[in-house]
Structures are given as structure tokens and as C-alpha cells.
Amino acid sequence: MRNDYIVKITDSSRELTAREKLKFADTQACISLDAHIDENGGKFVFKPVDYVCLDIHNDHSENVDYTKFIVIASDGNMYATGSQSFEDSFIQIMEVMKDSGETDFEIECYKVKSKNYNGSFIKCSIV
């Protein structure tokens, strides 16, 4: 077993099957949320179905330990980001909607200019 690249699922929106755990841990199959927002004019909308949080250890990366947040859309696409601001806003939306019993909704993903550093961060809002 490899010790130089390890992926652990730390949280998910529901109990996952063994097959799903393997599928969602393969970040190569994911679309970069950051790049996808840029490619779609600065924002895009989709219907979320599930999410998975990953802790990754990669000896071949500049930062050897990092997290990835994977969102699974209703069309089967999987979007990956390391953005804590996106993860926080997304989980808040999912929890509120789950508590209300609503499962049919869309979110809009976009970037916000940062006031604290030169750049932007990713957020999402319910549509």
C-alpha cells in the first residue's frame, strides 16, 4: 500500500457505500470549482446532491497535507475545491435545507474579492 499519497474521507452528507468511497476519493475525476467558475463568466448554478470532505496526504505536493471538499451535482459532475469559505457556506445551505425537508434546490457558485489579501475567495448562495 502507498504511504506517499493517502486520502481519508472525514465527512459526508450521508453514509457512503464502499464503491462511493472509492469513487469520491479519486480527485482526478473532479472538476476544479475555481477553474469552472472562471470558465463560466464568474459564476454558475447547479443542483447539489451530496458532498464529501477529504483529508489528503501527498508527499509529492508543495503542501503535503491539505483538504478537499467535493460536491456531487445532480448531473453526476463532481466539483472539487480547497476553499474553506465555499465549504462553510455550502454546508450551511445543505443543513438548513435538510432541516426544512427541502431537497430540490440549486446553488450559485461565485468569487468575491478579498478585502484582506490580493485575490478572491469562493462562495455560494441558494438560488
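Serine 89 counts as buried because its relative accessibility is 6%, where buried means under 20% relative accessible area, exposed over 50% and partly exposed in between, with a 1.4 Å probe and protein chains only. The model is predicted, so local features need pLDDT of at least 70 and side-chain atom pairs count only at pLDDT 80 or more, while totals for chains, interfaces and linings use all residues. Residues are numbered from 1 along each chain as its sequence is written, and side-chain values use heavy atoms, with hydrogens and water left out.

Serine 89 belongs to helix α3, residues 84-100; helices (H or I, at least four residues) and strands (E, at least two) are DSSP runs numbered from the N terminus. Beyond its neighbours within four places in sequence, serine 89 is in contact (heavy atoms within 4.5 Å) with Lys123 and Cys124.

| Backbone atom | Distance to a polar side-chain atom of serine 89 |
|---|---|
| Oxygen of phenylalanine 86 | 3.1 Å |
| Nitrogen of cysteine 124 | 3.4 Å |

Helix α3 has 17 residues and spans 24 Å from its first C-alpha to its last, close to the 24 Å expected at 1.5 Å a residue, the expected span being 1.5 Å times one less than the number of residues. Buried residues of α3 include Phe86, Ser89, Phe90 and Met97. Among the elements covering the buried residues of α3 are α2 (33-39), β4 (48-58) and β8 (120-126). Just after α3, glycine 101 adopts a positive phi of about 85 degrees.

Notes. A polar contact is a pair of N or O atoms within 3.5 Å; within protein, one must be able to donate a hydrogen and the other to accept it, and residues adjacent in sequence count only if both atoms are side-chain atoms.
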